[in-house]
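Please look over the sequence and the model first, and then follow the notes topic by topic.

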There are 2 protein chains.
Amino acid sequence: MRNLWLPTRCGILSAASVVGKTEKQGPLGACFDLHSPDDRFGQKTWEKAEAEMQRLALNTALAKAELDERGIDAIFSGDLLNQCIGAAYGLKDFTVPYFGLYGACSTAAEGLILSSLLVTGGTLRRAAAVASSHNCTAERQYRSPIEYGAQRAPTAQWTATAAGAFVVGSAEEAEVLVRGVMPGIVIEKGIKDSANMGAAMAPAAADTLLRFFAATETEPADFDLIATGDLGYEGGDILCELMQMEGVDIRPVYNDCGMMLYSRDTQDTHAGGSGCGCSASVVASYLLPKLATGDLKRVLMLGTGAMMSPQSIQQGECIPAVAHLVCLESKEEK
Amino acid sequence: MRNLWLPTRCGILSAASVVGKTEKQGPLGACFDLHSPDDRFGQKTWEKAEAEMQRLALNTALAKAELDERGIDAIFSGDLLNQCIGAAYGLKDFTVPYFGLYGACSTAAEGLILSSLLVTGGTLRRAAAVASSHNCTAERQYRSPIEYGAQRAPTAQWTATAAGAFVVGSAEEAEVLVRGVMPGIVIEKGIKDSANMGAAMAPAAADTLLRFFAATETEPADFDLIATGDLGYEGGDILCELMQMEGVDIRPVYNDCGMMLYSRDTQDTHAGGSGCGCSASVVASYLLPKLATGDLKRVLMLGTGAMMSPQSIQQGECIPAVAHLVCLESKEEK
């Protein structure tokens with residue numbers, strides 16, 4: 001295999017985030033564009049609420065870029081729901097070519113990669129990447145309805161009620177540059193515990209990161225931040241250990257979107273946040289503004305997805321995972 | 001919105017198909033590369049069987065192109081299963097960057113579009129598009145396990161047990177050219193009957209086709225075949241009527257992969273075939289060889305996907321649909 005580091009000439013024009021009540025109460029609460037105090041977003045079902053979050057996120061991102069739907073040539077979107085109905089229903093009123101994605105929690109990064117490559121190649125003028133998750137849709141689908149109050153394992157992550165949207169365009173009009181991307185390879189290392197997805201995803205993150213450092217001849221110190229999304233505390237620790245075993249110490253610049261989204265002291269999310277919307281909202285609302293101002297210069301966003309289903313777990317299968325990397329850079333010489 | 005007709009300079013090097021027992025007994029039976037007489041492909045569960053079909057299809061397509069996994073830079077794949085486990089598990093042993101897609105029955109076309117655009121732009125040397133469906137996984141997930149013997153509506157389509165894989169590369173090394181692509185827009189016209197997905201998808205197919213003819217200044221007579229995948233008999237009729245209302249008569253060159261896959265006389269599939277693997281296997285095994293020999297000169301493949309889920313139907317939602325178009329051309333001057 002070629003070591004598929006793909007330099008790009010494009011950037012992110014605008015981004016928007018939409019979150020639920022718990023996320024709004026977290027340490028990044030002030031950063032988000034929109035939230036719903038009851039997680040319902042005015043809808044009758046959780047699934048419709050999640051779809052509405054996708055719609056709101058994309059509309060807000062477009063408004064920030066002073067664009068309407070005619071300004072984008074394609075939408076890349078997905079979510080965790082069966083048949084990705086959050087994306088399909090939420091975005092169905094945009095008269096824009098639509099590419100449905102399934103990358104689990106790596107969806108935002110997957111969408112950013114495809115948007116960036118097709119804008120760089122000149123195929124698309126601009127494209128949007130959108131991703132969402134909702135705690136109540138995910139709990140019902142993957143585990144049990146939240147009303148049951150089922151006990152959670154200490155290694156379990158908390159699916160974020162969050163959506164993020166990004167508008168990708170030329171480097172000239174962008175607020176933050178996308179300098180390159182590296183799509184992930186599906187890695188499966190024998191983890192079967194769906195309450196410990198961080199452990200399942202960490203080897204995929206390590207694989208992509210090691211290939212990235214080799215291909216670009218860089219090291220962790222070349223970056224202000226390496227942000228996975230979302231390994232949580234458990235998977236984040238494992239990733240740092242796996243990298244250390246390969247002689248690469250990422251700890252000084254490492255963080256995880258699932259660790260950033262909630263307060264460990266006041267919000268008990270066990271191993272941290274997860275869900276397609278977790279990294280999407282943290283990058284959109286917290287990391288990109290810091291890159292725009294130059295407070296962060298170079299950031300690696302590493303979207304990590306666990307590609308199992310409840311059925312594959314019931315059938316005794318291990319959890320395959322994938323980690324997609326996006327290299328972001330500030331335009332400011334601060 | 002720009003009318004997003006995207007000319008490409010690439011082609012399909014090889015393709016392979018893997019089908020189940022019923023498909024093997026159908027009119028295209030002799031065309032398929034591999035089949036399983038019991039639909040199990042040596043696996044213990046239907047889901048594992050479907051994953052195995054994806055693996056076999058890609059391996060066979062690579063072998064036909066005299067390539068191994070090092071010859072392709074990316075895989076674009078999806079299926080109908082919750083969290084797309086057919087693709088993720090079936091292809092996890094390929095050490096190749098992986099992009100998970102969810103486009104329902106349009107997945108093969110969606111993968112061909114993304115592969116073609118990224119090969120044309122020079123981003124990827126070659127890429128593979130893979131899609132699958134399995135009657136027993138789909139029936140259990142969308143309706144009820146086949147053992148129940150539930151009665152089916154006359155407008156219902158039969159989910160094909162089939163997988164198709166395509167290797168996309170440069171025009172020079174290709175057997176069949178991809179002359180351009182047009183991604184679809186999500187269209188929802190108020191159809192709520194999940195036993196009549198053809199009706200839900202036909203408006204999306206009409207939308208893409210009309211935009212295509214307008215953008216390329218072509219008409220149906222410029223093509224030997226316009227093949228949807230998969231509207232079935234019901235949706236195919238509706239599409240022809242919708243086009244007729246716009247003054248475009250596609251009937252002389254129209255067919256549907258779901259109508260081609262099964263015999264209407266001897267195999268009662270009601271409204272015809274469907275499922276991600278239906279168009280994938282028909283194009284891979286039947287249409288591409290005819291294009292390779294010049295028996296067909298110019299073909300429009302129109303992948304159509306119904307983007308609902310059992311849950312969205314239970315919640316009373318309509319069915320959004322998308323139709324992705326791929327324009328195929330023979331290299332032979334026959």
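In chain A, strand β13 (residues 321–330) and β8(A) run antiparallel and are joined by 6 bridges. This is a predicted model, in which local features need pLDDT of at least 70 and side-chain atom pairs count only at pLDDT 80 or more, while totals for chains, interfaces and linings use all residues. Residues are numbered from 1 along each chain as its sequence is written, and chains are lettered from A and ligands numbered from 1 in the order in which they are written.

- Strands here are DSSP runs of E with at least two residues, helices are runs of H or I with at least four, and both are numbered from the N terminus; two strands pair if DSSP finds at least two bridges between them.
- Strand β8(A), which spans residues 176–182, is mostly covered, since 6 of its 7 residues are buried. A residue is buried if 20 or more other C-beta atoms lie within 10 Å of its own, exposed if 12 or fewer do, and partly exposed in between, with C-beta atoms placed from the backbone.

**Two domains in chain A**

- The domain assignment of chain A gives domain 1 (6–169) and domain 2 (176–330), with bounds that come from an automatic or database domain assignment.
- The C-alpha centres of these two domains of chain A lie 17 Å apart.
- In chain A, 54 residues of domain 1 are in contact with 53 residues of domain 2, where contact requires that the C-beta atoms of two residues, placed from the backbone, lie within 7 Å.
- On the side of domain 1 of chain A that touches domain 2 of chain A, β1(A) supplies the largest share, with 10 residues.
- By class, that side of domain 1 of chain A has 32 nonpolar, 17 polar and 5 charged residues. Ala, Val, Leu, Ile, Met, Phe, Trp, Tyr, Cys and Pro count as nonpolar, Asp, Glu, Lys and Arg as charged, and the others, Gly among them, as polar.

**Helix α5 of chain A**

- In helix α5 (residues 135–142) of chain A, the buried residues are A:Asn135, A:Cys136, A:Thr137, A:Ala138 and A:Gln141.
- These buried residues of α5(A) pack against α2 (46–64), β5 (127–133) and β6 (158–159) of chain A.

**How chains A and B meet**

- Between the chains, 49 residues of chain A are in contact with 49 residues of chain B.
- Helix α4(A) gives the most to the side of chain A that touches chain B, with 4 residues.
- By class, the side of chain A that touches chain B has 26 nonpolar, 14 polar and 9 charged residues.
- Because 100% of the interface residues of chain A are also interface residues in chain B, the copies meet through the same surface.
- Chain A is superposed on chain B by a rotation of 180 degrees with 0.0 Å of shift along its axis (RMSD 0.0 Å), and the two copies are thus related as by a two-fold rotation axis. The superposition is by least squares on the C-alpha atoms of residues with pLDDT of at least 70 in both copies.

**B:Ala199**

- B:Ala199 is found in helix α6 (residues 197–216) of chain B, and B:Ala199 counts as buried because it has 24 C-beta neighbours inside 10 Å.
- Leaving aside its neighbours within four places in sequence, B:Ala199 is in contact with B:Ile191, B:Glu234, B:Gly235 and B:Ile238.
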